[in-house]
Amino acid sequence: MKTLYSALLCVLLTAVSYAQKETEKDTLNKKTTKLNEVIVTGNKETDPVLTIVSNKYAENIVQPKNVADLFNNIVGFSSIKRGNYAIDPSFRGSQYEQLNIQYDGGTKAMHACPNRMDPITTHIIPEEISKIEIIKGPYTVRYGATFGGVINMVTEKPNYLDYGLHGKISGGYESNGNSFVNMAQLQYIQEKYDIVANAGYRDFGNYEDGDGTEIPSSFRSTDYGVKVGYNFTENQRIQAHWRQSFGRDVLHAALPMDTDYDNSSIISLNYKLDNIGKVIKSVNAKAYYSYVDHLMTNTNRPPFNMMEASSNVDATTTGGKVELHWQPAKSLNIFSGIDVFNVARDGDRERLVKMMNGNMLPEPMLFTDKVWQDSYINDLGVFTEAKYSVNPNTILTAGIRYDNVVSDIKDPEADFEAMYDLEKRTEHNISATVSIKKIVSDNFTIEAAYGRGVRSANMIERFINHFTVGQDPYEYVGNPNLDAEVNNQFEIGFKGYEPLKNGLDAFKYEASFYYSFFENYIVAVVDETLDRKFMPNALPEHAKVFRNLDEAYKTGFEVKAELDFLKDYFVKGEFAYVYAKNKDLNESLPLTPPFTTRFSAGVKKEKYWANLQYNLVSQQDNISESFDETVTAGYQTLDARLGINTFKNITLGVAVLNIFDEAYNNHFNFSFTNQADFGRTPITEPGRNFSAFLQYKF
């Protein structure tokens, strides 16, 4: 690894040296440098195609459990739920490492738990997020290896409008679960430097579903962060960001154990030199490190009297990036760079067996199971992406990327070692994209793109050894010889705006249609030659092993339409549909969302705003039986939200979610597991929920 980081450092030092020479030639500096924390900036010559930007979280007026809840009102997204804490976003039926999820243009923090009790969305508080940017497919090569799309969660940046001290304090309450959130933020800004510090505390109780059933889902979390920036010149800035998150006593209704603690630490360092010269425009560099320490136990579960189980696992994620922005011609922008993404995990599960074959043992027996088997995956990527302005209204983009992926398992379990010839493995992946954006008029834009996204298998798919990590009760076994998944995705999208008259202000519309065919798609398939390892008399008797599929595809669309009228009023409709097919097993791919529709109407005025949202989710009967999916009934819910800005610097929000107290479960919800009063059925969503939120800014 020293070689990889030496390469990064060498590129950075060379670029900075050349950049400083160029700066001496071109001293026309106009504004303070902004770091590349965002990837969508409103610049048609540099922004990626087929993107979504969502930044209206103040209008949701409900305290998100974690960042994944912020995706609930973004068209095309669903949530994979195991409880109130362990929630993963899914986009168009892609999830987990199929989505390239990051903070501030590149920082990552990978989960330590094999059951994803601690996904990346749990390591930062939602109130820190100023906006979420989504690239809908593998249509850029600049932000790491990308299979199903890029999700960039942008934390709040210093407000440079006024120097001095600024801040905000907020608090909220939810009736369903008697839940509280609190958050405070301070900013101190001067010409040369700025400091942003924040802290938050969340205490969520068990919620009740629409039938009045209490769902074990409580948790507490404490977070704080400090961001310090220094401006060497108007064109040169460095910024450090340190944050920690501490989850405590987390109940997971749909997982075998609960979280005693989940501690994460993330540090990142960003540097940018801008407005360098006529050819080299800027250089960006980023480095980050994250560490997650996670303990889960079965103390509060029924099997505890027969067997005590605890698992202490950890994950270390490191990475970095150096990117140069070139402009060899006025109409041509080129972005070239190198990036590194490394993840290593280790940890064991200890089982103290008190009962065997129905009989209490005179002396409990202690067993140790290797969870991650001391494994790692390292990815070194090199990329170039060019954007050519064919004319002032047409942008052509082409990019290519090479990833060198090295994986190894350093402490294998004996039975896993007997299954495979375990050696360090190196993969060579090539990704590419080409797209065109045509601004037909001031009111209409059309985009078309093809992307080849390549994803090497993640650590669960490679190295897990007889652990129940899926939606079903099977034990899963990894396969270190998996080929990398390939997504060949085609998409066309358009958006427009039509001004109207006679009380009707405007009609806005947006649509995307896509088709993907996959190579080497990774799924877990029952292996009838491999028996389960733990509790051998239990069902199912065989284990699942990860395999590559030869033939699979996915297609779908998203459509949005909005009518604005009487200056401040609107009605809006949003529709999302995905169809997926696994031809090898003649069934759907797992975790494919149902057809989803949302209708909303509201008013937006200077002093207040309000809206009603009607959510309509269809039955999902296109299922993956091999994934143990069952048909999910459709459901309908209604939400109401109101915000008031009457008082200076004070915002008050109230909401009623699931007004009619509907009892339902999402198709993506995992099933109750090891719970005393529940069978193995999907966990249900919260019933009626009253929410209030108050924020003061200064």
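I began with Phe513, which is partly exposed at a relative accessible area of 38%. The model I am reading is predicted.

**Aromatic rings**

I looked up the ring partner of Phe513 next. The ring centres of Phe513 and Phe557 are 6.0 Å apart, and the planes meet at 40 degrees, so I logged the pair as tilted. Phe513 belongs to strand β27, and Phe557 to strand β30 (residues 552-565). The pair therefore ties together parts that are 44 residues apart in sequence. I also checked the cover on Phe557, and this residue counts as partly exposed at 25% relative accessibility.

I then counted the aromatic pairs under the rule that ring centres lie within 6.5 Å. The count comes to 27. I picked out Phe444 and Tyr509 from these: 6.4 Å centre to centre, 35 degrees between the planes, tilted. Phe444 is in strand β23 (residues 444-455) and Tyr509 in strand β27 (residues 504-519). They are 65 residues apart, so I noted a link between distant parts of the chain. Phe444 is partly exposed, with a relative accessible area of 23%. Which residues share an aromatic cluster with Phe444? I found Phe494, Phe507 and Tyr509 in it.

**Charges over rings**

I searched for charged groups over ring faces and wrote down two cases. Arg142 lies over the face of Phe335, 3.8 Å from the ring centre. Arg345 has its charged end over the ring of Trp372, at 4.8 Å from the centre.

**An open sheet**

I traced a sheet of four strands. It is open, with mixed pairing, and the order is β1-β6-β7-β5. Which strands stand at the edges? They are β1 (51-54) and β5 (100-103), and each has a single partner strand, so one side of each lacks a neighbour in the sheet. From one strand to the next, the twist averages 15 degrees. Inside the sheet I followed β6 (residues 129-135) and β7 (residues 150-155), which pair antiparallel over six bridges. Ile129 has Thr155 in β7 as its bridge partner.

**Around β34**

I moved on to strand β34 (residues 635-644). Seven of its ten residues are buried, so I wrote it down as mostly covered. β34 pairs with strand β33 (residues 608-617) in the antiparallel sense, over ten bridges. There Tyr608 is opposite Ile644. β34 also pairs with strand β35 (residues 650-657), again antiparallel, over five bridges. Here Gly643 faces Gly653 across the pairing. The hairpin of β34 and β35 has five residues between the strands. In it, Asn649 takes a positive phi near 65 degrees.

**Backbone exceptions**

Most residues other than glycine have a negative phi, and most peptide bonds are trans. Pro540 lies in the loop between β28 (521-531) and β29 (542-549).

Asp104 is not a glycine, yet its phi is positive at about 50 degrees. I placed Asp104 in the loop between β5 and β6.

I located Asn520 in the loop between β27 and β28. At 23% relative accessibility, Asn520 counts as partly exposed.

Note on methods
Residues numbered from 1 in each chain as written. Predicted model: local features only at pLDDT ≥ 70, side-chain atom pairs only at ≥ 80, totals over all residues. Heavy atoms only, no water. Phe/Tyr/Trp six-rings, centres within 6.5 Å; stacked < 30°, edge-to-face > 60°. Helix = DSSP H or I, 4+ residues; strand = E, 2+ residues; numbered from the N terminus. Buried < 20%, exposed > 50% of the residue type's maximum accessible area, 1.4 Å probe, protein only. Lys NZ or Arg CZ within 6 Å of the ring centre and 35° of its normal. Pairing = 2+ DSSP bridges. Axes fitted to C-alpha atoms, helices over the stretch in contact; angles between N-to-C directions.
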